[in-house]
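Here's a quick briefing to read with the model open beside you. Take a look at the picture, then work through the points below.

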Amino acid sequence: SRDLSLDDRRKCAELLRNAARPRKRIARFIWVLWNQLQPMLDARERKGAYLAGFVRKAAGRRDFESLADLDALAPGELRSVVEALKKRLAAEMERTREVPF
């Protein structure tokens, strides 16, 4: 990549970003929920590996490995992940509300 021009590097970076971006609307919503939830989590839970494990468990798919594969999940599996993220977000919001300061 060092031989590429600045413009070509930008194009390459944009292609890589778009390749990993989910196409299904509900899959993109998972990222919206994750971005809301992530600041409330412990540092060890703020990683992509944690989210991948969360998706694996919520969708009931032991073969799910990469967050780039969200579009490969069935609509029902995606809805299960969204609902699980909503519940976790609500629980974290409730937990932070109980802090006495």
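Start with phenylalanine 64: which residues is it in contact with, leaving aside its neighbours within four places in sequence? The list is Ala52, Val55, Arg56, Asp69, Leu70 and Leu73, where contact means heavy atoms within 4.5 Å. Keep in mind that this is a predicted model, in which local features need pLDDT of at least 70 and side-chain atom pairs count only at pLDDT 80 or more, while totals for chains, interfaces and linings use all residues. Residues are numbered from 1 along each chain as its sequence is written, and side-chain values use heavy atoms, with hydrogens and water left out.

**The nonpolar core**

- Phe64 also turns up among the residues with the most contacts inside the largest nonpolar core, together with Ile30, Val55, Leu70 and Leu85.
- That core has 20 residues; a nonpolar core is a set of buried Ala, Val, Leu, Ile, Met, Phe, Trp, Tyr and Cys residues joined through side-chain atoms within 4.5 Å.
- Helices α2 (25–37), α3 (48–59) and α4 (75–97) each give two or more residues to this core.
- As a general background point, nonpolar side chains in soluble globular proteins tend to be buried together.

**The chain as a whole**

- You'll count four helices and zero strands, and from the N terminus on the order is α-α-α-α. These elements are DSSP runs numbered from the N terminus, with helices being H or I of at least four residues and strands being E of at least two.
- The chain's radius of gyration is 17 Å, whereas a compact globule of 101 residues would have one near 13 Å. That radius is taken over C-alpha atoms, and the globule rule is 2.2 Å times the number of residues to the power 0.38.
- Along the principal axes, the C-alpha atoms fill a box of roughly 55 × 35 × 20 Å.
- Of the 101 residues, 25% count as buried. Buried means under 20% relative accessible area, exposed means over 50%, and partly exposed is in between (1.4 Å probe, protein chains only).
- Take the contacts between residues at least 6 apart in sequence: 56% of them join residues at least 24 apart.

**Two residues in the loop between α3 and α4**

- Arginine 61 lies in the loop between α3 and α4, and it counts as partly exposed because its relative accessible area is 23%.
- Leaving aside neighbours within four places in sequence, Arg61 is in contact with Arg56, Ala72, Leu73 and Glu77. The C-alpha atoms of Arg61 and Glu77 are separated by 8.5 Å, and the two residues are 16 apart along the chain.
- Is glutamate 65 buried or exposed? Glu65 has 66% relative accessibility, so it counts as exposed.
- Glu65 is also in the loop between α3 and α4, and, with neighbours within four places in sequence left aside, it is in contact with Ala52 and Arg56.

- Phenylalanine 54 has its place in helix α3, and it counts as buried because its relative accessible area is 16%.
- Glutamate 92 lies in helix α4. Why does Glu92 count as buried? Its relative accessible area is 8%, so Glu92 is buried.
- Setting aside residues up to four places away in sequence, Glu92 touches Leu37, Met40 and Leu41.
- The C-alpha atoms of Glu92 and Leu33 are separated by 12 Å, although the two residues are 59 apart along the chain.
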